Amino acid sequence: MRLDTQAPATRRPWWESGVVYQIYPRSFQDSNGDGIGDLDGIRQRLDYVAALGVDAIWLSPIFPSPMADFGYDVADYCDVAEMFGDLAQFDALLAETHDRGLKLLLDFVPNHSSDQHPWFIESRSSRDSPRRDWYIWRDPAPDGGPPNNWTSDMGGSAWELDPATGQYYLHAFLKEQADLNWRNPDVRQAMTDVLHFWFARGVDGFRIDVLWHCIKAEGLPDNPLNPDFRPELGDKFKVLQHHSANQPEIHDVVQSFRQVADSYGERLLVGEVCLPVPQLVTYYGSDDRPGVHLPFNFQLLDAPWDAQALARIITEYEAALPPGGWPNWVMGSHDAPRIAGRIGEAQARVAAMLLLTLRGTPTLYQGDELGIACVVIPTDRIRDPQDLRQPGLGLGRDPSRTPMAWDDSHNAGFSTAEPWLPLHDDWATRNVAHQTADTGSMLNLYRRLLAMRRRHMALNSGDFALLPGDCGVLQYQRRADGEKLMVALNLTDQPRRLMVPDGVITAPLLSTLAVPSSDGLAPHEGLILEIL
């Protein structure tokens with residue numbers, strides 16, 4: 001099986017050879033002793049981020065919010081929540097980020113606002129409000145119930161009755177997150193102004209939250225029932241979101257975002273789009289109607305962890321990319337279970353090598369470089385509304401949002417106060433200071449991989465070809481400007497052969513193991529070799 005992808009020899013934008021590092025601000029570093037991370041805390045840890053070897057930071061939402069969904073319910077798109085700091089502290093963080101040669105991306109949440117946003121407060125004030133149509137209001141069904149069968153991703157109906165005006169408003173997530181009406185040109189202009197505000201301030205781009213949700217079908221018809229629904233999946237999957245998301249008109253919205261970004265030069269737009277690959281890649285747009293630069297590719301988050309499945313995923317994704325579309329890969333996020341918890345620490349090291357040697361832009365999530373695994377959250381410490389609304393289904397996101405552990409001091413150096421979420425159990429040794437001193441640690445593996453990626457053009461922007469591999473081994477070649485590297489990943493717990501064509505001479509550059517195998521591939525070993 002072979003897949004060749006040739007990269008054009010033109011100058012590339014920074015993100016095509018770069019690596020993005022996601023920071024969950026509540027959980028990175030607390031600077032003022034309230035148990036919650038903040039902007040000054042991030043600023044204090046910028047040297048760590050720069051030394052890691054990434055190129056850009058993406059911050060989860062920092063805007064004023066009642067925090068019903070921890071910032072994804074925005075009450076003011078053009079300010080900073082007091083718990084995180086203020087605009088002056090943001091400007092200081094941005095300046096120091098740029099001083100270190102790093103880029104800064106913000107999280108843009110256009111599908112919905114907080115129900116405490118002044119726009120929504122005015123909208124719900126009366127049916128005659130000038131901003132009534134800024135949100136999606138409908139009369140009850142004939143039986144007095146919700147207007148249609150759409151379900152909230154957080155559980156229950158996607159509709160909430162407002163007794164004062166006798167109508168329901170739509171919320172794809174919590175009832176505190178009212179969906180904006182993107183068919184209203186005034187909404188589009190207001191949100192365009194938000195992009196201008198932050199771009200003019202100097203931010204380098206945005207990750208756009210639930211982008212595929214922003215436009216709903218005209219008439220709001222019922223969604224088809226999901227024939228494969230099981231209660232343990234959660235209410236979100238009771239219906240198929242055929243009419244409540246991914247409508248053709250969304251691409252007009254995406255194009256308008258791109259026009260704003262392009263007017264400021266080399267700025268990046270990353271779109272959160274949770275759709276099958278054939279639909280996902282449409283969000284790149286086309287030459288005459290460009291879309292986001294990187295529609296997030298989440299396939300590695302829950303991919304079957306075997307060589308054959310991964311080879312198929314890579315092949316089909318690369319084949320689906322439109323001309324000029326640059327790939328990207330995501331291994332962890334604030335919404336997904338930790339990779340080390342899912343496949344174990346030994347294979348998490350192999351996963352790190354996979355993520356950082358595939359063709360495309362990788363996004364790392366804070367703490368994955370330490371190998372943080374499953375974190376048990378006591379019932380009385382659960383904070384995630386998704387878990388609280390649908391308990392016992394294992395849908396909680398708190399385990400991925402626990403604080404960074406910096407050292408073995410009180411509260412792992414994260415805060416002088418009790419952290420808002422508990423630390424992982426082994427924080428006293430699984431922390432930045434301890435792993436920095438251990439040459440064989442997960443953290444130092446990430447640092448070596450990132451340094452190698454920066455040093456070798458074949459890894460950061462070269463072309464890609466799958467190669468034959470032994471059973472359970474994913475093997476591929478990266479190539480650029482005469483340099484050829486081979487990556488071999490043993491996804492099994494047994495020794496495996498390293499398959500090298502006759503007459504080809506290789507030299508090992510990096511193993512995922514502290515003591516590399518001297519013959520073939522050891523169990524759970526990933527290896528980068530130079531083809532001489």
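This is a predicted model: local features need pLDDT of at least 70, side-chain atom pairs count only at pLDDT 80 or more; totals for chains, interfaces and linings use all residues.
Guide: Local features here need pLDDT of at least 70, side-chain atom pairs count only at pLDDT 80 or more, and totals for chains, interfaces and linings use all residues. Residues are numbered from 1 along each chain as its sequence is written, and side-chain values use heavy atoms, without hydrogens and water.

Visitor: Why is α11 called roughly parallel to α14?
Guide: The axes of α11 (residues 345-357) and α14 (residues 442-455) cross at roughly 15°. Angles under 35 degrees count as roughly parallel. Therefore α11 is roughly parallel to α14.

Visitor: Which residues make that contact?
Guide: Contact means heavy atoms within 4.5 Å. From α11 come E345, A348, R349, A352, M353 and L356. From α14 come M442, L445, Y446, L449, L450 and R453.

Visitor: What makes α4 oblique to α6?
Guide: Helix α4 (residues 87-99) and α6 pack at an angle of about 55°. Oblique covers what is left after under 35 degrees (roughly parallel), over 145 (roughly antiparallel) and 65 to 115 (roughly perpendicular). So α4 is oblique to α6. The contact is made by L87, F90, D91 and L94 of α4 and F197, W198 and R201 of α6.

Visitor: How does the reach of α7 compare with the expected span?
Guide: Helix α7 (residues 250-262) has 13 residues. The expected span is 1.5 Å times one less than the number of residues. Helix α7 reaches 18 Å, close to the 18 Å expected.

Visitor: Which residues of α7 are buried?
Guide: Buried means under 20% relative accessible area, with a 1.4 Å probe and protein chains only. I250, V253, V254, Q255, F257, R258, V260 and A261 are buried. Their cover includes β4 (103-108), α6 (185-201), β10 (205-208) and β11 (268-271).

Technical notes. Axes are lines fitted to C-alpha atoms, for helices over the stretch in contact, and angles run from 0 to 180 degrees between N-to-C directions. Helices (H or I, at least four residues) and strands (E, at least two) are DSSP runs, numbered from the N terminus. Buried means under 20% relative accessible area, exposed over 50%, partly exposed in between (1.4 Å probe, protein chains only).
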